[in-house]
Amino acid sequence: MFAPPSPSMPRALPLEHRDRLVRTAREVSFPQGTRLFEEGGRADRFWVIRTGTVELDMHVPGRRAAVIERLGHNELVGWSWLFSPHVWQLGAEAATPVRAYEFDATSVLALCAEDPGLGRDVARWVGDVVAHRLHASRIRLLDLYGPYGAGA
């Protein structure tokens, strides 16, 4: 099955920083089946899910994409915007209709540069998400392609 839920925005950022960040967001909606981004594409934004479910997937040569994790309410979709070369490491698709806050990476990076405390907290939040996604990817790929019981 899938790993436990990833670090969500409310638990990860102090209220003051969360409020500043959310003021830069815009509300968006995606119908079920919409691709938010493709692995290898330019990472210039990210989302925090308000309602619905997004599936993260990974290209597997010779097979269909493997769903790595399902994300829901208050979870971060997309972390590649924070790290060079700013290219998506996974793909993402709306598994259900999704409402989310969308953030422009350039604006958020500028905000982080002018407020080092906010920058530190955002980096820690995203770093926690990256660590969780790496673990979830490993477990899921072992579940799918490893010897029986390898992902347990």
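**Reading a predicted protein chain**

Guide: Let us begin with contacts, meaning heavy atoms within 4.5 Å. In the protein chain, among contacts between residues at least 6 apart in sequence, 77% join residues at least 24 apart.

Visitor: On what kind of model do these values rest?

Guide: This is a predicted model, in which local features need pLDDT of at least 70 and side-chain atom pairs count only at pLDDT 80 or more, while totals for chains, interfaces and linings use all residues. Residues are numbered from 1 along each chain as its sequence is written, and side-chain values use heavy atoms, with hydrogens and water left out.

Visitor: How many helices and strands does the protein chain have, and what pattern does the chain follow along the sequence?

Guide: Helices (H or I, at least four residues) and strands (E, at least two) are DSSP runs, numbered from the N terminus. The protein chain has 4 helices and 8 strands. Along the sequence the pattern reads α-α-β-β-β-β-β-β-β-β-α-α.

Visitor: In what order do strands form the open sheet?

Guide: Two strands pair if DSSP finds at least two bridges between them. Here 4 strands form an open sheet in the order β1-β8-β3-β6, with antiparallel pairing. Its edge strands, β1 (26-30) and β6 (76-77), each pair on one side only. Strand β3 (residues 45-51) pairs with β6 in the antiparallel sense over 2 bridges, and Trp47 has Val77 in β6 as its bridge partner.

Visitor: What share of the residues counts as buried?

Guide: Buried means under 20% relative accessible area, exposed over 50%, and partly exposed in between (1.4 Å probe, protein chains only). Of the 152 residues of the protein chain, 42% count as buried. The accessible surface, computed by the Shrake-Rupley method with a 1.4 Å probe, comes to about 8,100 Å² for the protein chain, and 54% of this surface belongs to carbon and sulfur atoms.

Visitor: How many salt bridges does the structure hold?

Guide: Side chains of opposite charge can pair when their charged atoms come close. A salt bridge is a side-chain nitrogen of Lys or Arg within 4 Å of a carboxyl oxygen of Asp or Glu. The structure holds 14 salt bridges.

Visitor: With which residue does Arg20 form a salt bridge?

Guide: Arg20 forms one with Asp115, where the closest N and O atoms are 2.5 Å apart. Arg20 lies in helix α2 (residues 15-22) and Asp115 in the loop between α3 (105-114) and α4 (116-145), so the pair ties together parts 95 residues apart in sequence. Arg20 is partly exposed at 21% relative accessible area, whereas Asp115 is buried at 16%.

Visitor: Which side chain meets that of Glu38 in a salt bridge?

Guide: The partner of Glu38 is Arg35, at 2.9 Å from N to O. Glu38 is partly exposed, with a relative accessible area of 43%, and Arg35 also counts as partly exposed, at 29%. Arg35 forms a salt bridge with Asp57 as well, the closest N and O atoms being 2.6 Å apart. That pair links distant parts of the chain, as Asp57 is in strand β4 (residues 54-58) and Arg35 in strand β2 (residues 35-37), 22 residues apart. Asp57 is buried, at 10% relative accessible area.

Visitor: Which residues are linked in a network of salt bridges?

Guide: The network links Arg26, Arg42, Asp44, Arg45 and Glu102.

Visitor: How many residues apart in sequence are Ala12 and Trp125?

Guide: They are 113 residues apart in sequence, and 5.5 Å apart in space, C-alpha to C-alpha. Ala12 is found in helix α1 (residues 9-12) and, at 27% relative accessibility, counts as partly exposed.
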